[in-house]
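Please study the sequence and the structure before reading each solution.

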Amino acid sequence: MNHRLILPALAAALLAGCAGTQGPAGSATAPTLSQLQGEWRQLDAGPAAASLQIAEQRLSIKAGCNGMFGPATLEDGKLRAKPLAATMMMCPPEAMQRDAALSRQLEAGMPVKLEQGRLLLGEGKDAMRFEKLPQGEIKFIYVAAERKPCSGVAPMQCLQVRADKNQPWQLHYGEIEGFQPEPGTAYRLRVKEVKVDNPPADASSIRWILDMVVEQEVVKKP
């Protein structure tokens with residue numbers, strides 16, 4: 001018997017069998033609830049981007065107006081939170097309608113999948129895509145109503161920030177992820193501070209990610 005011919009044939013068969021058990025690269029998979037633990041931010045949604053947090057068997061989500069929270073289960077590939085409680089802020093009608101629609105969908109159960117580390121909530125063209133936020137330290141900061149000229153690689157307009165009202169304003173070279181300030185409006189924010197390994201020479205060694213707008217105030221020019 002020619003062992004030299006048999007061994008390559010067996011190896012090829014084994015490789016073919018292994019390939020047959022795997023899905024195509026980048027295919028979506030049904031997750032477990034433990035894989036969904038953590039904080040997630042919606043992609044490609046601009047100022048209306050939703051933030052989602054799953055901790056053990058509880059879910060909280062905010063999609064531009066009120067925060068909603070409740071017990072979470074994952075059955076038959078659907079994420080369900082029922083019943084959902086919510087904060088009671090008044091917001092623009094379109095934001096409140098978005099909250100109400102999302103609440104109904106979550107109580108009924110929304111299909112959920114993981115695809116290349118990103119979470120897909122819903123299905124079809126209306127599916128919400130989320131990326132998982134890194135772990136970081138929660139901080140509270142004030143943001144001034146106006147930017148100031150500053151110089152990085154090129155001249156730019158920097159946010160003015162401080163941790164305490166009694167401190168002078170400091171220039172922040174960069175943006176706060178998920179935050180789109182309106183000129184003439186001052187803010188107090190809760191942000192997540194994440195350390196950046198090996199940042200470029202012209203970039204900050206930290207990332208600030210918006211966690212919540214605590215308060216905001218329109219500032220009249222003198």
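**Exercise 1.** Describe the pairing of the bonded cysteines in this predicted model.

*Solution.* Step 1: recall that a disulfide is a covalent bond between the sulfur atoms of two cysteines. Step 2: number the bonded cysteines of the protein chain in sequence order; the pairing is then 1-2, 3-4. Step 3: the structure accordingly holds two disulfides.

**Exercise 2.** Identify the partner of Cys-65 and state where both residues of the pair lie.

*Solution.* Step 1: Cys-65 is joined to Cys-91 by a disulfide, with an S to S distance of 2.0 Å. Step 2: this pair links distant parts of the chain, 26 residues apart. Cys-65 lies in the loop between β3 (58–62) and β4 (67–75), and Cys-91 in the loop between β6 (85–86) and α2 (93–108). Step 3: the torsion about the S-S bond of Cys-65 and Cys-91 is about 90°, and the disulfide is therefore right-handed.

**Exercise 3.** Characterise the link between Cys-150 and Cys-158.

*Solution.* Step 1: the sulfur atoms of Cys-150 and Cys-158 are 1.9 Å apart, and the two residues form a disulfide. Step 2: the value about their S-S bond is 85°, and the link is right-handed.

**Exercise 4.** Are Cys-91 and Cys-150 buried or exposed?

*Solution.* Step 1: a residue counts as buried under 20% relative accessible area. Step 2: Cys-91 has 18% relative accessibility, so Cys-91 is buried. Step 3: Cys-150 has a relative accessible area of 6%, so Cys-150 is buried. Step 4: their partners follow by the criterion just used: Cys-65 is buried at 1%, and Cys-158 is buried at 1%.

How values were computed: Residues numbered from 1 in each chain as written. Predicted model: local features only at pLDDT ≥ 70, side-chain atom pairs only at ≥ 80, totals over all residues. Heavy atoms only, no water. Disulfide = S-S within 2.5 Å. Helix = DSSP H or I, 4+ residues; strand = E, 2+ residues; numbered from the N terminus. Buried < 20%, exposed > 50% of the residue type's maximum accessible area, 1.4 Å probe, protein only.
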